[in-house]
Amino acid sequence: MVKNWALVIGINHYDFLQPLKYAKRDAELMQNLLHNEAGFERVFLFTDDSPSIGGELTRPYRANLLRFLQQLFERPFLQPEDNFWFFFNGHGMSYAEQDYLLPADGNLEDIENTGISLSYVTECLRNSGSDNIVLMLDANHHHHQGSSLGIGRQTQNLARQTGVISILSCTANQSSAEIDALQQGAFTHALLEGLGSQGQCATVKRLHQYVSFRVPELLAHYKYPLQTPVINAEPVAKSQRVVIQKYANLHDIAKNQRNGLPTEVNSNREFVQLEELWSRTNTVNPSVEKHTVKDISRIAQYAGSSENFTPNPTVCASPVQVMSHDKTHNNYAQAHTSTLTIAQPAIDDLASERGIDYQRLSELLAAGDWKGADRETFNLMLKAAAREEAGWLDIPAINKFPDTDLCTIDQLWVKYSKGRFGFTVQKQIWESLGGEPDADYETWCKFGDRIGWRVNNAWRFYSDLNFVDDAPQGHFPAAAAVDLLTVRQGWVVGLFGCMVGFSALSSRLAQSSVMQ
């Protein structure tokens, strides 16, 4: 079984430095997330008043921290497939081109002897035996007299050299803000959102996209100076690493697995070998159903070393022809206004793996009641996913959404809209823009512009959509995604939830076509 351990440090009160307001709270919230949402077995906490560990004091003084690091990392205690995360919120300093974390008794007059160097921390973490180390630092809280640089430059170089994934709150010449209205650091607030149920960032790359957008948005809203989060994940394949498994869609899992396999995936590879590799890539929750491993095996066989799934267009809808275009700026306008030609599928029966009755949806669509049909679609999807009580679709539910039902819903929308609406239509528009399930925010904006979910550079609320026959192509179904903008915590959180949800649905369509 994969082990998940972490060391979390948050320091408000310093003996010789300006105190911080929310570093301790940030650390406690991180500990809670790792324990309760990410399923970590051991999270060691060092704060101003944290309880002792095995009789050893955890007040984050230098001697206490060094003693703990020396004892814990004296010899390897994890396996390569295990995970170790290190989180620090406090003061950091660059001195003589070396990055230092400053413990509670750190002194700017003697940084070398009162600070803890990042090179030593990195050496300790690597000595754990784990190949999967994540270093999260919210440490540049203000510039100290006599130095214009916080930590960052050496830490990034260390990460590149050692393969440690580093997630820094800002660049070396910026400061990390603490926001009074949130009672948190801006970076840690965004990081906790991204790793939690709000952002549902399964991979390092998606987490980078989330915090890179969310931190500036928070700072602009609360009128604080800009800071730019920095994430290093090398080799490049580590950016696809799944860090929170329960939020991973099948595209994430398959891509993560391909990065851990040889370039060519052998179709006759033993299942037990695949299962062992899956346990290595599953960073948080190893209790995954066996059929998921089989699904990944079949996906990997078809996907090979390519970056995208290529669905069979005969599944879920008749063939789709997307007008060809290149990705240059000049040709984007033409692609933006082009339309897709989708033949209407013949529907012999309204099949369902879960006993769902699609007759009313069929009648609403036949009558052109797009709003009623959209709400009915959402309600039926909740029912098929057993999420009626929750009221929204999460990633695990979408990953297990029955393919037959997904295809039935899609066929009905394509048929009665004469090829204008449906998941297949949205997916083909997405692909025509060069989008992938882990695409960046700019691509999602282009997609939102194209299907009318964005107007004048702003994402629309569900009530503002166009429930008319000439709504933009791909405008519906919308409730399963756009409704997140209004029912979850804030439009930014809802937006990224929408992104992840649509990505997962795209993966389900792709998976369905591969399996048949």
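Which residues in helix 16 are buried? Select residues 423-432, which make up this helix. The buried residues in helix 16 are Phe423, Thr424, Val425, Gln426, Lys427, Gln428, Ile429, Trp430 and Ser432. Helix 16 is thus mostly covered, with 9 of its 10 residues buried. Please bear in mind that this is a predicted model. Before leaving this region, select Gly434, which follows helix 16 and has a positive phi, near 80°.

Next, select residues 186-195, which form helix 6. Helix 6 is mostly covered as well: 10 of its 10 residues are buried. Among the buried residues of helix 6 are Phe187, His189, Leu192 and Glu193.

To find a bridge, select Tyr100, whose bridge partner in strand 6 is Ser117.

The next stop is a pair of helices. Select helix 4 (residues 118-126) and helix 5 (residues 153-162). How do the axes of helix 4 and helix 5 cross? They come within 10 Å and cross at roughly 25°. Angles under 35 degrees count as roughly parallel, and helix 4 and helix 5 are therefore roughly parallel to each other. Their crossing is right-handed.

Show the side chains where these two helices meet. On the helix 4 side, select Leu118, Ser119, Thr122 and Arg126; on the helix 5 side, select Gln154, Thr155, Leu158 and Thr162. By class, this contact of helix 4 with helix 5 has 2 nonpolar, 5 polar and 1 charged residues. While viewing the helices, recall a general point: an α-helix has 3.6 residues a turn, so residues three or four places apart point the same way.

Finally, select Gln156, which also lies in helix 5. Is Gln156 buried or exposed? Its relative accessible area is 15%; because buried means under 20%, Gln156 is buried. To see what lies around this residue, select Leu168, Val230 and Asn232, which Gln156 touches, not counting residues up to four places away in sequence.

Conventions
Residues numbered from 1 in each chain as written. Predicted model: local features only at pLDDT ≥ 70, side-chain atom pairs only at ≥ 80, totals over all residues. Heavy atoms only, no water. Helix = DSSP H or I, 4+ residues; strand = E, 2+ residues; numbered from the N terminus. Buried < 20%, exposed > 50% of the residue type's maximum accessible area, 1.4 Å probe, protein only. Contact = heavy atoms within 4.5 Å. Pairing = 2+ DSSP bridges. Axes fitted to C-alpha atoms, helices over the stretch in contact; angles between N-to-C directions. Parallel < 35°, antiparallel > 145°, perpendicular 65-115°, else oblique. Left-handed = near helix turned anticlockwise from the far one by under 90°. Nonpolar A, V, L, I, M, F, W, Y, C, P; charged D, E, K, R; others polar.
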